[in-house]
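Subject: Structure handover

Hello,

Here is the structure for you to look through. Please open it first, then read my notes below.

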Amino acid sequence: SMFIENCEKLKDIKYKHFYYGLIVQSGKGSHQRLHCDFDPDCNLIDASSTNCLILHLPLSTEGLWLNLGKATDDNKINCNILHVPFGQAVLLKVNQYHGGHYGSIGNTRLHFVMSTTHVESSTL
């Protein structure tokens with residue numbers, strides 16, 4: 001499967017730095033401005049590699065939703081809403097545009113960063 005193939009690609013990467021936080025939905029669901037979880041001026045990471053990844057893990061039974069965006073040649077962003085069910089997770093490269101505060105009040109997710117190098121960024 002594609003999942004197993006992707007895991008095989010990551011198995012030899014030596015992740016040494018881990019950062020985490022809980023995101024709790026405190027109000028009505030809303031669109032969040034699309035963003036990347038890295039500071040573009042930070043030269044400690046190669047944003048296009050798998051050396052720094054972001055895990056979104058739903059901790060609520062309803063799961064979580066992310067708005068995933070992809071920049072186009074004309075500087076627009078195409079978006080797709082992804083639902084991640086409870087019991088599953090999504091792993092994004094650090095340069096993946098995403099956003100979204102969706103779900104019921106109290107919806108909780110784990111936001112987990114793993115990197116091969118120390119990341120000094122105000123956006124993680």
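Accessible areas come from the Shrake-Rupley method with a 1.4 Å probe, and for residues only the protein chains shown count as cover. The protein exposes about 7900 Å². Carbon and sulfur atoms supply 54% of that area.

Some ground rules. This is a predicted model, where local features need pLDDT of at least 70, side-chain atom pairs count only at pLDDT 80 or more, and totals for chains, interfaces and linings use all residues. Residues are numbered from 1 along each chain as its sequence is written, and side-chain values use heavy atoms, with hydrogens and water left out.

**Overall layout**

The protein has one helix and seven strands. Helices (H or I, at least four residues) and strands (E, at least two) are DSSP runs, numbered from the N terminus. From the N terminus on, the order is α-β-β-β-β-β-β-β.

How much of the protein is buried? Of its 124 residues, 34% count as buried. Buried means under 20% relative accessible area, exposed means over 50%, and partly exposed lies in between (1.4 Å probe, protein chains only).

Contact means heavy atoms within 4.5 Å. Take the contacts with a separation of 6 or more: residues 24 or more positions apart account for 81% of them.

**Strand E2**

Start with E2, residues 52–58. Five of its seven residues are buried, so the strand is largely enclosed by the rest of the structure.

Which strands does E2 bridge to? Seven bridges join E2 to E7 (residues 108–115), and the two run antiparallel. Four bridges join E2 to E5 (residues 90–93), again antiparallel. Two strands pair if DSSP finds at least two bridges between them. Here are two partners to find on screen. Leu53 has Met114 as its bridge partner in E7. Leu55 has Leu91 as its bridge partner in E5.

His56 sits in strand E2. Its relative accessible area is 1%, so His56 is buried.

Leu92 belongs to strand E5. It is buried, with a relative accessible area of 6%. Leu92 and Ile54 are 38 residues apart in sequence, yet 5.1 Å apart in space, C-alpha to C-alpha. Leaving aside neighbours within four places, Leu92 is in contact with Leu53, Ile54, His56, Leu66, Leu68 and His98.

Arg109 lies in strand E7. Is Arg109 buried or exposed? Its relative accessible area is 4%, so Arg109 is buried. Not counting residues up to four places away, Arg109 touches several residues, including His56, Leu57, Trp65 and Gly100.

**The cavity**

Rolling a probe the size of a water molecule over the atoms shows where empty space is left. The search uses a 1 Å grid over the protein atoms alone, and a cavity is a set of points where a 1.4 Å probe fits but cannot get out. Lining residues have an atom within 4 Å of a point. Grid points are joined across faces, edges and corners, and a volume is the space filled by probe spheres set on the points.

How many cavities of 30 Å³ or more are there? The count comes to one. The largest cavity has a volume of about 30 Å³. Its lining is Ile23, Val24, Gln25, His101, Tyr102, Asn107 and Arg109.

Best wishes

Methods:
On a 1 Å grid over the protein atoms alone, a cavity is a set of points where a 1.4 Å probe fits but cannot get out, and a pocket is an open set with protein on both sides within 12 Å along at least five of seven lines; lining residues have an atom within 4 Å of a point.
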